[in-house]
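Subject: Handing over a structure

Hello,

I am passing this structure on to you, and my notes on it follow below.

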Amino acid sequence: MEEKKDKTGLLREVLDGAAGLAGSYAATLTHLFRRPVTEQYPEYKRPMPARTRGRIILTRSPDGKERCVACYLCSGACPVNCISMQSEEGPDGRRRAAWFRINFARCIYCGLCEEACPTLALQLTPEFAFCKDAIEDFVYEKEDLLVDHGGKDPDYDFYAHAGVAAGRPKGEHIGEDEPVDVKSILP
Amino acid sequence: MPDLIIDGRPVRVPKGTPVIAAAESLGIVIPRFCWHPALGAAGACRMCAVMFLDGPVKGLEMSCMVPAADGMVVETFHPEAVTFRRRVVELLMANHPHDCPVCDEGGHCLLQDETISGGHALRRFPGRKRTYLDQDLGPFIQHEMNRCIHCYRCARFYQEYCGYLDFGPMQNANRVYFGRFASGPLESPFSGNLADICPTGTLTDKPGRYKSRRWDCQRAPSVCPHCSLGCATVALSRYREVVRVEARENPAVNGHFICDRGRYSFGYAASAERPRQARADGVPTSMSTALALAGTRLGGVVEAFGPEAVAVVGSARSSLETQTALTALARAGGWRGPAFFADRTEQQAVAAALAALAGGRARSLAEIGQADAVLCLGVSPLHDAPMLALSLRQAARAGAVVAVADPRPATLPLPFTHLPLAPDKLPGAAALLTGAEAADAAAIQRALPLSPELWPALERLAPAFAAAGNPVLVFAPALAAQAPADARFGLFPVLCGPNAAGAALVADADAPACDDLARAIEAGEVKGLVLAEADAAALSPRLAAALPGLETLVVLDHLPTPSFAAAKVFLPTQTLFESGGTLCNNEARLQYAAPVAPPGEPVSRDGRGGHPPRDYARKLPGTDPLPAAALCAVLALEMGLDMPALSFAAFTGVGPEDVAPEGTRATRLPAAPTAPAPPSAPPGQGLVVVRDDALFATDAYGRYAPLARAQAPAASVVRLHPDDAAGLGLADGEALTVTVGDRRIEATLAVSAAVARGAAVVPRLPGWAGLPAAIGPETLRRRQP
Amino acid sequence: MSLPDAVVAEIDGVIAAVEHHKREAAVDVMYALQRHYGYLCDEAMHYASKALDMTTLELESLATFYDYLYRRPVGRYVIHVCDSVVCWMFHQDSIFDYLCRKLGVPPGGTTEDGMFTVLPAACIGNCHNAPSMLINGRFYDRLTAERIDAVLAELRQSAEEPVRCK
Amino acid sequence: MTDILCGILVMLARMAVVLAVVFGLAAYMILVERKLLGRFQVRYGPNRVGLFGLLQPIADGLKMLLKEDIVADGVDRRIFLIAPAIVAGAALFSFAVVPFGPTFAVFDRPIAQVIADTDVGLLVIFGLSSLAVYGVALGGWTSDNKYSLLGGIRGAAQMISYELALGLSLVPVAMMARSLNLTDIVSAQATLPFALSQPVAFAIFVVSALAETNRIPFDLPEAENELQAGFHTEYSGMRFALFFVGEYVNMILLGSVTAIFFLGGWNGPLLPPIVWFGLKVLAVPVFLIWTRASLPRLRYDQLMALGWKCLVPLGLANILVTGALLAAGR
């Protein structure tokens, strides 16, 4: 009785296995006659989603000034240390980058810099294919990185919120009271 | 000694310790903004709330305000305490601006740490933010009041701890403002510490503004080389440039703070004028060529005139490593020297001052803060050793009697008695105050017959010193002979350079001084000279004048001194920031300064657009300099000399790895030499020349630091007592011409009763070094318009 | 502008009374100067600083802390309207509003003719006569709109030109 | 003399033709595999070099020729250089005994469409295909690389295991054809291919042959995702190409052998014999490629279990049954 059962078990197993094999052969066979889904890349460039992590840019605030305040957060967040900069005080009192450099030969496009950027200056764009003959040409300086638009969030203006008197007097930033009058007679 | 339990761990602390400090001794850091170990508790920020589960206090309390008591059971992460602290942060953040990216405190900001670690991310409070207008607080401190969280640390430090009253709180309630009456530079010479103690970005370091984030800096423990106290510092460097110097806690020396001279005089290391290239006969050349040339030239002198014709000069600003290497080099070659001091008297004085410390009589800065009577003899604390003033202030706050017997006008942020006495009168005053018996009025009048205005003060001071249980004598080495035999008195010499004590430890008892070498050069006995991190002009004008008589002058230095300009062969050396080194401070405490900045021209100035190179093929510019000690060794090699260097253990009895965090006191002090004769009245008529340090730019390094030089007073000032001014027919504020040797210096006259009779106080600057010991009307003349 | 001898004498007297503790006289000296100048102008602060051997910052801390020391120009009559609990219970808010409307100034403001400055004040200790206000050191209690009108009219009658810093 | 010369010439011509056809086929087999795999995976496959990517094999060949021939430190140089040649050589040599069609006559001279028509053709093919494993094992061992070594060991073990099953599957064929001569075996299938009369043997043969050629699902010696290409990890340039070509030559060999042993060789209606033979030969690689697209790789223990516990007993049983039937039929 047991043997018989065993035999049916073995037979079933073999049949199941064969069916499984046949199934996979059938699946690939049907694929053979499907239209390929491949897109012919250089001829057809697929529009990339806005949040694709490609080449990095430095954007500008709505007033056309540089957004980057050279706070060193992106270079601090960068896992491959491909960002370096030097901050300085600009003529309008705003903190800005004296120079700003990204080594794209080293960049891994992880997007941590963009997440770290508190002023939305540094943004990754969908542009992913930019090739160079010499590896030094992948070192982008501030002038190469700086664009004249606001990127993904064109309305944000860090210096409208910051509360530091750089071009915009104290108390005139968004959500701020007038400066305290230390000599006020009000109790 | 209360026993308590914090977070399940038992701890025993001294009575009176607040719970927050008890927790810190266990390594549990309770969040805090207003509490500071040096300033104590204010209870202003409410951040250090912890839960007291058992003991004399129960419930949620501020751990800084509650002294540890027996039986306390404290939980720092009790949910109620955590919630409370989270709400405190939320309240503080309700008005805090949204400007961390442009704030220099970002990266080492207590408020930022607590906000982020506490999880506060969204401002729920819909109201508007309070703002303030800022003030210009001078060149050192940047003011940004919006960021203030009203912890009162700055005001407590500035007013209570330091005793300066031009900066503090104003207004009330939600409008409290920390600032000055009107914009203007802060008066305190300790103002730089405000940037360190401010827990947020309200007061930040202005010279380091926008330079870098803390995490991008290389940091290393260092030792301040700007006076003889050897305060502990931390140097921060980025891109081959020291960008900031901060206080490091050394409980035995400086506590938590340093003075502005120590904080802002670091610029000499990266200054544009710093010589970084070897020179042969004034022409830039390679290091190896210059070394070979130095070897050949010195070898030539030895061959022609014998080894005695070569002399070595070191200085009190070199590290112990350099000093020992120099000594070994001189011994190996059989050369003269090294000379570390201007003249034999000074050398003996420093040795005698150190010798007097034997027998446990040395006091540290921290111990001065606990003394009950302090006499500064020939020392003007704020200028000779600024941090001494802060320690005196702490002593005075605890009720100590402080007296300063010094010919120079003294200002101190504490109640003290100034005894303006000419140098030759100081021993007498010291004898009156440090004698075993309280001096009586008659003795005082006998000792100082010409200073009746000081009699009442002395009559008041004498019994106070006689009754003091823990008095300290702070003295200049020239007055080492006045160290009282009375063992009650602790001793605290103030020396002439950051490593003057090291020089005295290293130097042979019969080593020549600079003046001896100058004499030998004039006599034609010495033909070759090695100046190692020493400026002949600043050390001894006579030596500087003798330099042209040499056949060979080899200079090792990193400062653009006049000697560098005169060098036949110049070898660039590394600074303390680059090579590291051991310094021995005034109380013979050896401390190691670790290297922090890589050698080389700062990236900001290496001629490639101010940023690091894109290609790394080329050699870094300005990386020629080597540690002076290493240069000595190479020079010995070039000349075939066998040069064994002294070991660290020779001075301390322990190896460098066993050095205590506070430094290690030298165990081998100079044997008591014949104490130098006390200063006596100069022969002939005239005013005794007394040199005065300014806070900035008068020390050997500060002179070459651009930032410090910018703080130096524009005009040189000569100070006289009104009687002496009248005797010379000069009036306050008059323009003077001072004749120094064959040069004329322009200066203005300041007349003050705080200057000793018979003394002329002149600035300690290299140009003034040639003045004779006493000057008269032929030297001080009204400037002809 | 040098101070009249009388003011100098008054200040010297105040300081002399606490000879070895000059700082104790700081508030009194500032009151004396305020009476003279009308308010504590910078000139007054510097004078007080010299007279008391205190820094201007220390005095500024005091002057800005206390409600009755004015660091801004005020009118001849400074009306401190109590806004503490008892006065509130007796409709202080409507009184205060009425006063501001009547004089045409916001809280803390001074009328154009330099006569009146209206300020709210913490309790002035006159609760039994609430609502209450304090004008140049005199109480005016159980206020109503009519009584305020009367008080203002009376003060206008006796007004004299206040002294001002140059 | 002329006969001998003529014979040599004919022999050389046959060799040249076979070599050219086999190499050409192998090269284009690579392209076919890539194209087919692409289509099985709903993509295009190579289509950039030439029309439909037809020049791709040439481009690849050029590329391989021009690549640097890297010989790593620590390898046994001679063996390292020889190993790929063994693999490719063994596969090529086997074609010496493979008949491509019936003998025909040119100027009355019978010309066999085989280089060496030997009576032990089956054994020769066996022997040569076993030699190929030396290339794999030696290449893996001499590379001085743990992955290569593992790949080589796996290759050897796999070869030994499945050689047995392969042999057992062909015993019934020889029994039924009563000859080891390949032409005779083809002739024996004039009416019915052995694939139909010996289905079990055919199945065992196909599975074992897959394993012998190291193709998916039996590509354990290479196993990219565990062994980094296994035995040829360290090979580059032309030597790598030799391994590669060897694999594809093996595939064609397998197609030829399958056609001869089981599919009736060049026998077929209507079309000329050579065409039938060609079709049958090509059908097998296409099936292999299809398999590659369809099946995942076996685990090593599964591979061994399948060989020793399933195929070998099954092959033995099949021989017994065939023998019994043949005996009964006589």
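In which strand of chain B is the place of B:Val689? B:Val689 sits in strand β29 of chain B, which covers residues 687-692; helices (H or I, at least four residues) and strands (E, at least two) are DSSP runs, numbered from the N terminus.

Before going further, a word on conventions. This is a predicted model, where local features need pLDDT of at least 70 and side-chain atom pairs count only at pLDDT 80 or more, while totals for chains, interfaces and linings use all residues. Residues are numbered from 1 along each chain as its sequence is written, chains are lettered from A and ligands numbered from 1 in the order in which they are written, and side-chain values use heavy atoms, with hydrogens and water left out.

Back to B:Val689. This residue counts as buried because its relative accessible area is 15% (buried means under 20%, exposed over 50%, partly exposed in between, with a 1.4 Å probe and protein chains only). Leaving aside residues up to four places away in sequence, B:Val689 touches B:Ala760, B:Val762, B:Leu771, B:Pro772, B:Ala773 and B:Ile775 (contact means heavy atoms within 4.5 Å). B:Phe33 lies 656 residues from B:Val689 in sequence, and the two are 49 Å apart in space, C-alpha to C-alpha.

Chain B as a whole is assigned domain 1 (3-91), domain 2 (279-348 + 501-593 + 620-665), domain 3 (365-495) and domain 4 (687-782); such bounds come from an automatic or database domain assignment. The centres of domain 2 of chain B and domain 4 of chain B, taken over C-alpha atoms, are 31 Å apart. Where these two meet, 10 residues of domain 2 of chain B are in contact with 6 residues of domain 4 of chain B. They bury about 660 Å² between them, with 69% from carbon and sulfur atoms (buried area is the accessible area, 1.4 Å probe, that two parts lose on being put together, summed over both). On the domain 2 side, B:Arg317, B:Pro541 and B:Leu559 supply 51% of the area buried against domain 4 of chain B, more than any other three residues.

Between domain 2 of chain B and domain 4 of chain B there are 0 salt bridges (a side-chain nitrogen of Lys or Arg within 4 Å of a carboxyl oxygen of Asp or Glu). The count of polar contacts there is 1 residue pair, both at pLDDT 80 or more (a pair of N or O atoms within 3.5 Å; within protein, one must be able to donate a hydrogen and the other to accept it, and residues adjacent in sequence count only if both atoms are side-chain atoms).

Now to chain C. It has 7 helices and 4 strands, running α-α-α-α-β-α-α-β-β-β-α from the N terminus on. Of its 166 residues, 48% count as buried. Chain C is divided into domain 1 (5-63) and domain 2 (77-157), whose centres are 28 Å apart, taken over C-alpha atoms.

Finally, chain B meets chain C: 12 residues of chain B are in contact with 13 residues of chain C. The two chains bury about 910 Å² between them, 64% of it on carbon and sulfur atoms. Strand β8 (residues 168-170) of chain B gives the most to the side that touches chain C, with 3 residues. This interface has 0 salt bridges and 4 residue pairs in polar contact, both at pLDDT 80 or more.

Best wishes
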